[in-house]
Amino acid sequence: MSIVATGPAAGLPRWAVLGLLPALNLLAAFAISGLIVLLIGENPWEAVRMLVWGAFGFQEAIGYTLFYATNFIFTGLAVAVAFHCGLFNIGGEGQAYIGGLGMALVCLYLDFLPFALIVPAAVVGAALFGAAWAFVPAWLQAYRGSHIVITTIMFNFIAAAVMAYLLVNVMSRPGSMEPESRDFALHARLPLMHEALGAMGIDIAASPLNLSFLWALLCCAVVWVFMWHTRAGYRLRTAGASPPAALYGGISPPRQIIVAMVVSGALAGCMSLNELMGVQHRLVLEFTAGYGFAGIAVALMGRGHPVGIVLASLLFGALYQGGAELSFEIPGITRDMVVVIQGLVILFAGALEFMFVPAVRAVLLRSSGG
Amino acid sequence: MELLTLLALVLDSTLRLSAPLILAALAGLFSERSGIIDIGLEGKMLGAAFAAATAATFTGSPWAGLAAGIGASVLLALVHGYACITHRGNQVVSGLALNILVSGVTAVLGIAWFAQGGRTPQLPGEARFLPLEWPGAAPLRDVPGVGTLYSELLSGHNLMVYLAFLAVPTVAWVLYRTRFGLRLRAAGENPQSVETAGISIIALRYRALLCTGVACGMAGTYLSLAQSASFINDMTAGKGYIALAALIFGKWRPYPAMLACLLFGFLDATAIRLQGVDLPGVGEVPVQFVQALPYVLTVVLLAGFIGRAIPPKALGVPYVKER
């Protein structure tokens, strides 16, 4: 995964690699999405107008956009940290799912703790379980050579089976057939942003945006410091850039694989804080709803950098929220359209990352008279 | 007698459940033996299932459906090739992108065209692949033993099931006994040496992906025209990934991959049978446990605890022609 401008994009100026190429890729993805909208007989311009209004047009919409963005920040960071170590963690979905289990166990069974203790305990629970679920594929990759892409895919399915079993047979709400746990106690929930700000005298519209948003931003800062300003982060990136060089420098690549995946899994696990502890207030089936996979798109768009990831998360959060409004206003376009756009963004920003490089190079050379 | 009938029934559904897995695993085999990772089997199957159901709805012919299914799957395989071979993009990212894209596109188009919440309309019998009754199956049904086996296991499947099992020796022959197969395997192990012999790796890998597209198209068509009578949202439900697991479990070889598909199909069939049944001494086996078993087994295999699965050497490495 080339995040810096080596390989096909080598020699292009920084602004072209970081700004122009992603913009062109995004445009291509949107153009094809527009064609699909045309194909089902709707007006793409109207759809775009609706989408932007639905995502940013009013206060509540912005709250929802940020709420969705929170999920993307966690899973996007998770994918990015693994990328920097040269690993492709497709298991964000499963790690977030199992992370939700760790968080729910705290909220359900340690709810004798006061609010001030249960929140950090839940964060630890989510991170720990997510990390543990990433540890096994990491260990297998590091010491047994099992390809991490395949093992993390398998672990997603195993996680789904484990959670279905637990929710149906073990943790289900007493006297209910629904595959969901009982509700968390009132003090085992994260305050919503409008309540928290309301208590401080600032009035904003009600939305599911909650305090985990701040935790997500903090995680971005921590990942940035860890990655680029600590020795541990340097070791991790070195092992990712060149395992033989790392080994020569006294860094053990297998150990870095474990570190990267454990951090990655912990970040993915934190997604459950926003979705469950913030909004649903119970453990439900398949709450991850594809956010783990979407994290790959976010990390690719954000070029593996926390700032880029926040921006990409805002974009995807806006797509989710705008897409929801869009499906209300234009019934022909369902929320699945967002999945289409997501797939196209991964295709163009990820797999076809360098498609426009020859064209951009030609234009730049001509304009510089070369 | 009771036990024999039960066994025949389970084996019968094993064959039916493993047929699409076999086709998809063989599809993956072409791609991966040529050096291109294909985690997009799921998406190609889903796209094919939708295209097949749509074409069969409008034309009333399963053959038109099959053609459309194969067409859609080949198109997706070519997009994968364009990203991975021509632009040397990341093969995992491309496969994943196509999976997500297809799951969205089929839902959007299905709702827009048929307005049934993503389903396609129920197909009549003549627009599907129906079970073929072998000669003498009906009178032999009551003969214990051989008769049951003949009428339940061999007879009474649809054409696609037989095609799937015929495809295994065919693919094995192509892979091990033809020039194309030899070059394909070499491309996955040491592309430079193949290119030295004057053979274009790019053309070779594109051809491998065409084969992948055709086989995956058949797998997808099977789901919507043979196993069910319509397309349902996300009807592949992980079958593409199970097929990939089976391919790895079979160590990227046709016959072992088929056996792995049969094993996974058998697990699926027993999971359905075991629902709510108390086994003596064990109690009720959770369905989820049996469902997760293929994935667990594959991880254990990959970990090298039961044999070793060694992938083609050049798998996942974009090919750069030397200048």
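In the predicted model, Glu353(A) forms a salt bridge with Arg303(A), with 3.2 Å between the closest N and O atoms, a salt bridge being defined as a side-chain nitrogen of Lys or Arg within 4 Å of a carboxyl oxygen of Asp or Glu. Because Glu353(A) lies in the loop between helix 15 (336–351) and helix 16 (357–367) of chain A, and Arg303(A) in the loop between helix 13 and helix 14 (306–329) of chain A, the pair ties together parts that are 50 residues apart in sequence; helices here are DSSP runs (H or I, at least four residues) numbered from the N terminus. Glu353(A) and Arg303(A) are both buried, where buried means under 20% relative accessible area, exposed over 50%, and partly exposed in between (1.4 Å probe, protein chains only).

By the same rule, eight salt bridges are counted over all chains. One of them joins Glu180(A) to Arg282(A), whose closest N and O atoms are 2.5 Å apart. Glu180(A) lies in the loop between helix 6 (148–170) and helix 7 (193–199) of chain A and Arg282(A) in the loop between helix 12 (271–280) and helix 13 (291–301) of chain A, so this pair ties together parts that are 102 residues apart in sequence.

In chain B, a salt bridge connects Asp12(B) and Arg16(B) (2.5 Å, N to O).

Residues are numbered from 1 along each chain as its sequence is written, and chains are lettered from A in the order in which they are written. Local features need pLDDT of at least 70 and side-chain atom pairs count only at pLDDT 80 or more, while totals for chains, interfaces and linings use all residues, and side-chain values use heavy atoms, with hydrogens and water left out.

Methods:
Helix = DSSP H or I, 4+ residues; strand = E, 2+ residues; numbered from the N terminus.
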